[in-house]
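Hi,

Here's the structure I promised you, with my notes below it. Could you have a look at the picture before you read on?

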Amino acid sequence: MDFRVATVDDAEQVAALHADSWRRHYRGAYADTFLDGDIESERRKVWTERLAVPARTETMLAEESGQLIGFVHVMLDKDPQWGSLVDNLHVRTARRRSGIGGRLLRHAASAVEQRAATRAMYLWVLEQNVAAQGFYRANGGDAVETAPVPPPGGDPSRLNGSPACLRIAWADVAVLS
C-alpha cells in the first residue's frame, strides 16, 4: 500500500469514493433524494476546488496497485479551541477493518503535529454511525458534544429530519503515534 498527498488530478476518484461512502453510511441522516441524485458531480466540484488550492489543508490518499482505497482530509487550525478538523476520512467498504483508516488517521495527526499551531484535532461523526464512533474512540478520541448535522451544501432539503452528530476530539494527537 502506498500513501501520498492528493493533487487536483485526484479530484474525480476522491469524489467517487466520497459519494459512495455517503450513500452507504449517511442514509437516514441525508435525504434519499439527495443521496440517489448526482452527488458525484457535486462532490467532484467540491474536491476540485479543495485540491486546487490546498492552503492550510492536507489530503492523504491510500492506494494499492494504483487504486484509491481510502483518503483523509484535514483542515489545519480550523477552530481556536478544538484545533485541526478531520473533515473527511473514508475507506472503500471492501477494505474496512483492515487498518487503513487507522493509518490515515495517523497521517492526519502527523500533518497536525508538523504544520498546525496546536496539537489538538477533532472531527464530527453522525450519531447514527456507531461503528465509526467506536473506531475513533478506539483510537483515543473522546466524544465531547452533540450538535445538529449541517446540511450538505447549506441546503436543508438534503437532510432527512434533524439528524445529530458528535464532536470527537483529541486534545493532543500524540495519542495516535
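Let's start with one side chain: Trp22 has a relative accessibility of 6% and is therefore classed as buried (buried is under 20% relative accessible area, exposed is over 50%, and partly exposed is in between, using a 1.4 Å probe and protein chains only). Keep in mind that this is a predicted model, where local features need pLDDT of at least 70 and side-chain atom pairs count only at pLDDT 80 or more, while totals for chains, interfaces and linings use all residues. Residues are numbered from 1 along each chain as its sequence is written, and side-chain values use heavy atoms, leaving out hydrogens and water.

**Aromatic pairs**

Rings of Phe, Tyr and Trp (its six-membered ring) pair up if their centres lie within 6.5 Å, and planes under 30 degrees apart are stacked, over 60 edge-to-face, the rest tilted. That rule gives eight aromatic pairs. One of them joins Trp22 and Phe34, a tilted pair with 5.9 Å between centres and 50 degrees between planes. Trp22 comes from helix H1 (residues 11-25) and Phe34 from helix H2 (residues 32-35), so to speak across the chain: the two are 12 residues apart and the pair links distant parts. Helices (H or I, at least four residues) and strands (E, at least two) are DSSP runs, numbered from the N terminus. Phe34 has a relative accessible area of 9%, so it is buried.

Another pair is Tyr136 and Trp170: the centres are 6.2 Å apart and the planes are at 85 degrees, which means edge-to-face. This one also links distant parts of the chain, with Tyr136 in helix H5 (residues 130-138) and Trp170 in strand S7 (residues 164-170), 34 residues apart. Tyr136 is buried at 8%, and Trp170 is buried at 1%. Ring pairs also tie Trp22, Tyr26, Tyr30 and Phe34 into a cluster.

**Charges over rings**

Two arginines are worth a look here. A charge sits over a ring if NZ of Lys or CZ of Arg is within 6 Å of the ring centre and within 35 degrees of the ring normal. Arg50 lies over the face of Trp47, 4.6 Å from the ring centre. Arg167 has its charged end over the ring of Tyr122, 4.9 Å from the centre.

**Cores**

A nonpolar core is a set of buried Ala, Val, Leu, Ile, Met, Phe, Trp, Tyr and Cys residues joined through side-chain atoms within 4.5 Å. Which residues touch the most other members of the largest core? Out of 28 residues, they are Val86, Leu89, Leu104, Leu105, Met121, Tyr136 and Trp170. Two or more residues each come from strands S2 (57-64), S3 (67-79), S4 (83-91), S5 (121-126) and S7, and from helices H4 (100-115) and H5. H4 gives the largest share, seven residues.

Neighbours within four places in sequence aside, Leu105 is in contact (heavy atoms within 4.5 Å) with Val86, Leu89, Met121, Phe135, Tyr136, Asn139, Trp170 and Leu176. There is also a second, separate core of 13 residues, including Trp22, Ala29, Phe34 and Val149.

**The sheet**

Seven strands make an open sheet in the order S1-S2-S3-S4-S5-S7-S6, with mixed pairing (two strands pair if DSSP finds at least two bridges between them). S1 (2-5) and S6 (142-148) are at the edges with a single partner strand each, so one side of each has no neighbour in the sheet. From one strand to the next, the twist averages 25 degrees. S5 and S7 run antiparallel and are joined by six bridges; Tyr122 stands opposite Ala169 in S7. H1 packs on the sheet, where it touches S1, S2, S3, S4 and S5, and its direction makes about 85 degrees with that of S3. Axes are lines fitted to C-alpha atoms, for helices over the stretch in contact, with angles from 0 to 180 degrees between N-to-C directions.

Ser65 has a positive phi, near 55 degrees, though it isn't glycine. Ser65 is in the loop between S2 and S3 and is exposed at 74%. Asp77, another non-glycine, also has phi near 55 degrees, but sits in strand S3 and is partly exposed at 29%.

Finally, Ala143 in strand S6 is partly exposed at 36%. Beyond four places in sequence, Ala143 contacts Arg137, Arg167 and Ile168.

Cheers
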